[in-house]
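Hi,

Here is the structure I said I would pass on. Have a look at it first, and then read my notes below.

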Amino acid sequence: MSQGYDVVRFDELESFPVGEHGLQWHPVRSRLGVQAFGINSYTATETGGEVVEDHTEETYGHEELYVVVSGHARFTVGGDEVDAPAGTIVHLPDPGVRRHAIAVEPGTRVLAVGGKPGEAYRPSAWELFFRASHLPPDEALALVEGAEGYNVQGAGFQYNLACYRALAGKREEAIAAFREAFAIDPERVATWAKRDSDLDSIRDEVSAIAGQAHAGGESA
């Protein structure tokens, strides 16, 4: 940074492959040191690839805004379809509205901006997970466990912590994190864990935790 400002071009940002179909994440917020709001960029290298995952912001309460920087996207917002060529801005003030977007053409890039109104911004922990997924297990675990200042609400953080602990051979700590994740959101965590090879080293315990909870629900 020089003279109180900074400049970066999209092609100078780091690029991390995430998910399927060639989606690339570009960490704008951390590159520029933005503290007031979240801002990141996503590029789909394939037609039909996601540029915005199917989700709501109920966990974090974020208001979000998406800008189609290049290419052509198609959003599904609360059940409505929105055609979004380059230059389109999609604003979602309600965190409970489900949103999803796919690329109509390869090279589609979307800039996502968000934060919780009236509160100081804390980066979402998934930024750590995207980076950690490209590191050796011990380094990945150190990065995730050092998540001071990040928003670690919801089951996702504990679930990913369980995965990284399991991969690093931290068996008891992994089981404890999985148990906490399951207590927060049993249905989603059970679905995530079903075919997740990261948890293979504690597979028996994962099955037992889910099975005990299911049995308890039936007897109630």
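Predicted model: local features only at pLDDT ≥ 70, side-chain atom pairs only at ≥ 80, totals over all residues.

Start with His55: its bridge partner in strand 9 is Arg99. The His55 pairing belongs to strand 4, which is joined to strand 9 (residues 99–103) by three bridges, with the two running antiparallel.

Those two strands are part of an open sheet of four, in the order 4-9-6-7, with antiparallel pairing.

Now to strand 3 (residues 38–44), which is mostly covered: seven of its seven residues are buried. Side chains in a regular strand alternate between the two faces of the sheet. Here, Gly38, Asn40, Tyr42 and Ala44 point one way, while Ile39, Ser41 and Thr43 point the other way, and all are buried.

Strand 3 also has two pairings to look at. Strand 2 (residues 23–26) runs antiparallel to strand 3 and is joined to it by four bridges; Trp25 has Tyr42 as its bridge partner there. With strand 10 (residues 108–115), strand 3 pairs over seven bridges, again in the antiparallel sense, and Ile39 has Val113 as its bridge partner.

On to the helices. Which residues of helix 3 are buried? In this helix (residues 137–145) they are Ala140, Leu141 and Val144. Looking down the axis of helix 3, you find its buried residues within an arc of 100°, so they line one face of the helix. The exposed residues Asp138 and Ala142 sit on the face of helix 3 turned away from its buried side. As for what the buried residues of helix 3 pack against, the partners are helix 2 (126–132) and helix 4 (155–167).

Helix 4 also meets helix 5 (residues 171–184): their axes come within 8 Å and cross at roughly 160°. That angle is over 145 degrees, so helix 4 counts as roughly antiparallel to helix 5. The crossing of the two is left-handed. Residues in the contact include Tyr159, Leu161 and Arg165 from helix 4, and Phe178, Glu180 and Ile184 from helix 5.

Cheers

Conventions
Residues numbered from 1 in each chain as written. Heavy atoms only, no water. Buried < 20%, exposed > 50% of the residue type's maximum accessible area, 1.4 Å probe, protein only. Arc of directions from axis to C-beta. Contact = heavy atoms within 4.5 Å. Pairing = 2+ DSSP bridges. Axes fitted to C-alpha atoms, helices over the stretch in contact; angles between N-to-C directions. Parallel < 35°, antiparallel > 145°, perpendicular 65-115°, else oblique. Left-handed = near helix turned anticlockwise from the far one by under 90°.
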